[in-house]
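The following note gathers points for a colleague who wishes to check the model residue by residue. Please read the points beside the coordinates.

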Number of protein chains: 2
Amino acid sequence: MSFSFEVTKTDRSGARRGRLTTPHGAVETPVFLPVGTQAAVKGLTQEALEALGAEILLANTYHLYLRPGHEVVRKLGGLHQFMSWPRAILTDSGGYQVFSLAELRKITDEGVRFRSHLDGSEHRITPEKVVEIQLALGSDIAMVLDECIETPAPRENAESALKRTTQWARRSRSYFQECAQRNGEMHQWQFGIVQGATFADLRRESARQLLDLQFPGYAVGGLAVGEPHDVTCEMTGEATALLPKERPRYLMGVGRPEQIADYVALGIDMMDCVLPTRAARHACLYTSEGRVLIKNARYAQDQRPIDANCSCSVCRRYTRAYLRHLFAAGELTAAILATHHNVHFYLDIMRLIREAIEFGNLANFSSVMHARYTAGPA
Amino acid sequence: MSFSFEVTKTDRSGARRGRLTTPHGAVETPVFLPVGTQAAVKGLTQEALEALGAEILLANTYHLYLRPGHEVVRKLGGLHQFMSWPRAILTDSGGYQVFSLAELRKITDEGVRFRSHLDGSEHRITPEKVVEIQLALGSDIAMVLDECIETPAPRENAESALKRTTQWARRSRSYFQECAQRNGEMHQWQFGIVQGATFADLRRESARQLLDLQFPGYAVGGLAVGEPHDVTCEMTGEATALLPKERPRYLMGVGRPEQIADYVALGIDMMDCVLPTRAARHACLYTSEGRVLIKNARYAQDQRPIDANCSCSVCRRYTRAYLRHLFAAGELTAAILATHHNVHFYLDIMRLIREAIEFGNLANFSSVMHARYTAGPA
């Protein structure tokens, strides 16, 4: 088994510096995963992602199952070969997308029936099916199917979703292990997902139930969906307090630049978010001084780079005035350059955070980021 | 004056191998100019264009005059600095765009009044104004304002447009020379444009009239706008037969891959066309075997590169199946990869053509391309 995870340093806050080893290379943690929903990060080539230093991407099981189809990806040699990405890939379970994108969904204990958001075709997925799809995709890390609910949720909804999430996790785990026995060596790690909405006791209960299933890593799901940041942190803390210290913890779908260090301080090792890529396409650039809404007329003749403190290839070459022009003119190149910068910014935050943990000054880093990003966009 | 043009080899057909020297580097001719209408080639960064070996780009005076405005570009150090492109730039005069994009245009001998296609604002341009705009942009080669007419055109329309084009060329030339006397050394070359629609005698007359004005280079305009290829060739040949052998000739707005060698054989040194970039965004890929319409279902599991004979970074890394998926999924990365390949293909045709001229087998190259591109798309 070519997987391992080691925590190399822990600071007083609980932040962890570590290394996740996968069959597709090592991943320094804490790590941010750029989102490549449909086997592509919008606006970046794989060459660009390599140059940016991305060590792991997220791709989406729901989307790839529907298009091009997991059997097609399997035939083409798996997701790494299909998209020509030699480094690590994590696939989410598609649970969140089934609940947010699919139409006419019907949930039973058995699984979910839904209609594709692409063509209305009918599909039925189960926890076992989701394992199968991800084995076909051949991702390094596969998430189990969970039940995602809207928040704020009444307690009874949160309880029943938690119960089902644990049942599905158990079935996912045993089906995965069955496949492992059948296939011999597995080139994939399976992660469980802690649910429980915004109820601290349910978060603890969910974590405890999943611990029995001995996942090599654990995610915290169903957060950062509209609740206040301190609630996200509280719920995350409830989970990480119980999760095994020697295994990676992944907080799904976060976060804003100023929030990332907070999650790391709660013992989170992995994060993903569409924010840097989506914001880039909407002309919102992240900088060491805060957000820059580059379409603003004040940048029309601004010859400075997006961020004077940034070492990315966009900041080394292009001016704010040029970026503003590209967005104003609706040029494709605007999205390419902005995405490159924003993803660099996020990966750079993670580099700084990893360094801060090693030098024991993560708290300082966090307060600086909060100050810069609560002043509002420039 | 840091400009020069030398023809280093001529073959029997009349094809010329040359070198255009500009203040922003040398340009090996025959050359294809990728189109960067609004100071950006859609889907490519300047880094990518450098890696592709582009030595000169085309940008558009009409578009840059309207947005961001030539005075803004001047303040920001000129077009090269604005877009961070250290190599050569040719700006067209905007004549074609005024006639094809602008609204409510009114042409007089003095110039053109029109409304912006962007915001309806009213503008008045004259041949002198167009010289001024391009001096502000600081392009290496500036085209004079010409009158473009719809084709097929009645002879009397062609005659009157030709007459006005020559008058405007004369005013452009003398205003440019006036600026040169005022400013000292000019870092720009001004090219005249031969008009005359599809009337051979008018083309000859237009060329002769422009010769008197002693432009350092000459373009052939108003072609490839719907007339048959052999008419384009006939009209081009009428012009090049009269144009001075020691000066560069530029055929504007061409062409299809299989037509390029024909134009070169007529003594054309420079060409520009939106085809490789526009076709790429519409999933039409050019290959050594003909067009590949990559959205076609037959490519869904095709593990070959776009073109097995292509050495571009896209063909070295990605499969047709992946490209097809990206287009089917509407991913931004599809346009980036497809554009990169198509521009490489065009620049590679030019490399092969330059080689063919040196070895004296351009005719053979041309017939191979015709055979491959008349078979229809794959």
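1. Backbone at B:G255. This residue lies in the loop between β13 (249-251) and α10 (260-265) of chain B; helices (H or I, at least four residues) and strands (E, at least two) are DSSP runs numbered from the N terminus. A cis peptide bond joins B:V254 and B:G255, with omega about 5°. In chain A, a cis peptide bond likewise joins A:V254 and A:G255, with omega about 0°, and A:G255 lies in the loop between β13 and α10 of that chain. Most residues other than glycine have a negative phi, and most peptide bonds are trans.

2. Basis of the model. This is a predicted model, in which local features need pLDDT of at least 70 and side-chain atom pairs count only at pLDDT 80 or more, whereas totals for chains, interfaces and linings use all residues. Residues are numbered from 1 along each chain as its sequence is written, chains are lettered from A and ligands numbered from 1 in the order in which they are written, and side-chain values use heavy atoms, with hydrogens and water left out.

3. Positive phi values. B:A39 has a phi near 65°, a positive value in a residue other than glycine. B:A39 sits in the loop between β4 (31-33) and α1 (46-52) of chain B and is buried, with a relative accessible area of 0%. Here buried means under 20% relative accessible area, exposed over 50%, and partly exposed in between (1.4 Å probe, protein chains only). B:A224, also not a glycine, has a positive phi of about 55°. The loop that holds B:A224 runs between β12 (217-220) and α9 (229-242) of chain B, and B:A224 is partly exposed at 35% relative accessible area.

4. Helix α9 of chain A. Where does this helix pack, and what is its span? Its 14 residues (229-242) should span 20 Å at 1.5 Å a residue, and the end C-alpha atoms are 21 Å apart, which agrees; the expected span is 1.5 Å times one less than the number of residues. Among its buried residues are A:V231, A:C233, A:M235 and A:A239. The buried residues of α9(A) pack against β11 (189-194), α8 (200-211), β12 (217-220), β13 (249-251) and α10 (260-265) of chain A, a contact being heavy atoms within 4.5 Å.

5. A:E238 forms a salt bridge with A:R204, with the closest N and O atoms 2.8 Å apart; the rule asks for a side-chain nitrogen of Lys or Arg within 4 Å of a carboxyl oxygen of Asp or Glu. This pair links distant parts of the chain, 34 residues apart, with A:E238 in α9 and A:R204 in α8 of chain A. A:R204 is partly exposed, at 29% relative accessible area. Elsewhere, salt bridges that share partners join A:E6, A:R17, A:R19, A:E28 and A:E358 into one network.

6. Salt bridges within a helix. In helix α3 (residues 70-75) of chain A, A:E71 and A:R74 are three residues apart, about one helical turn, and their side chains meet in a salt bridge (2.8 Å, N to O). A:E178 and A:R182 both lie in helix α7 (residues 155-183) of chain A, four residues apart, and form a salt bridge at 3.7 Å, N to O. A:E178 is partly exposed at 42%, whereas A:R182 counts as exposed at 54% relative accessibility. The count over all chains comes to 45 salt bridges.

7. Two buried positions. A:A283 lies in the loop between α11 (275-281) and β15 (284-287) of chain A and counts as buried at 4% relative accessibility. Leaving aside neighbours within four places in sequence, A:A283 is in contact with A:V292, A:L293, A:I294, A:K295 and A:F327. B:S172, in helix α7 (residues 155-183) of chain B, counts as buried at 0% relative accessibility.

8. The contact between chains. Chain B and chain A each contribute 43 residues. Together they bury about 3500 Å², 52% of it on carbon and sulfur atoms; buried area is the accessible area (1.4 Å probe) that two parts lose on being put together, summed over both. Four salt bridges are found across this interface. A:R317 forms a salt bridge with B:E50, the closest N and O atoms being 2.7 Å apart.
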